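Morning, everyone. I have one structure to walk through today. Please look at the sequence and the model first.

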Amino acid sequence: MSISLQKSDGGQYRQTIRIHQHTLFADVATELGGDDSAPDPHDLYDASLAACKAITLLMYAKRKQLALESVDIDIKRDSSKEAQGLYVLNLTMKLNGDLSQADKDLLEKMAEKCPIHKLMTTATTEVNASVS
């Protein structure tokens, strides 16, 4: 997999991110000197969890022929203790479709099995960076 990042022409901190054929942007809030022209890196990190959970549930529901039509996810971040090693993401998931309570309970359990949830909660990430 290849991800590349370069400074964008517009803005003090705005970055252009290229992932395969996709282009995304990142920036920081105005109170940090940015233009708030795109999500900040924390937003992208949090959004990856929400996207993974929704996709995981939709794929599982399709395979099990459950009537899940879509998933709405709201994330509330508490980064107040991030410097001490605690980053809290509180997710609320709305499962849309004609689902029984048993279906919803099953899907709630399956949401914890999304790869990004597992990566964030069980893996140690090693980052090896170099300068050229």
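Start with aspartate 46. At 5% relative accessibility it counts as buried, because the cut-off for buried is under 20%. Keep in mind that this is a predicted model.

Where does aspartate 46 sit? In helix α1. And what is around it? Leaving aside neighbours within four places in sequence, aspartate 46 is in contact with Ile75, Arg77, Tyr87 and Leu89.

Take tyrosine 87. Its side chain makes a polar contact with the side chain of aspartate 46, at 2.7 Å.

Now arginine 77. Aspartate 46 forms a salt bridge with arginine 77, and the closest N and O atoms are 2.6 Å apart. Aspartate 46 is in helix α1 and arginine 77 is in strand β4, so this pair ties together parts that are 31 residues apart in sequence.

Arginine 77 has another partner, aspartate 43. That is a salt bridge too, with the closest N and O atoms 2.5 Å apart. Aspartate 43 also lies in helix α1, so here the parts tied together are 34 residues apart in sequence. Put together, Asp43, Asp46 and Arg77 are linked in a network of salt bridges.

Buried or exposed? Aspartate 46 is buried. Aspartate 43 is partly exposed, at 31% relative accessibility. Arginine 77 is partly exposed as well, at 33%.

How many salt bridges does a search of the whole structure find? Three. One of them joins lysine 76 and aspartate 74, at 2.9 Å from N to O. Aspartate 74 is partly exposed, at 37%.

Next, the helix itself. The 24 residues of α1 should span 34 Å at 1.5 Å a residue; the end C-alpha atoms are 35 Å apart, which agrees. At its start, a side-chain oxygen of aspartate 40 reaches to within 2.9 Å of the backbone nitrogen of histidine 42. After α1 comes glutamine 65, with a positive phi near 55°.

The buried residues of α1 include Leu49, Ala50, Lys53, Leu57 and Tyr60, along with Asp46. Residues three or four places apart in an α-helix point the same way, because there are 3.6 residues a turn. What covers the buried residues of α1? The cover includes β4, β5, α2 and α3.

Last, two loop residues. Histidine 20 is in the loop between β2 and β3. Its phi is positive, near 55°, and it is exposed at 54%. Aspartate 36 is in the loop between β3 and α1. Its phi is near 50°, again positive, and it is exposed at 53%.

That's it from me.

Note on methods. Residues numbered from 1 in each chain as written. Predicted model: local features only at pLDDT ≥ 70, side-chain atom pairs only at ≥ 80, totals over all residues. Heavy atoms only, no water. Helix = DSSP H or I, 4+ residues; strand = E, 2+ residues; numbered from the N terminus. Buried < 20%, exposed > 50% of the residue type's maximum accessible area, 1.4 Å probe, protein only. Expected span 1.5 Å × (residues − 1). Contact = heavy atoms within 4.5 Å. Polar contact = N/O pair within 3.5 Å; in protein donor to acceptor, adjacent residues only side chain to side chain. Salt bridge = Lys/Arg side-chain N within 4 Å of Asp/Glu carboxyl O.
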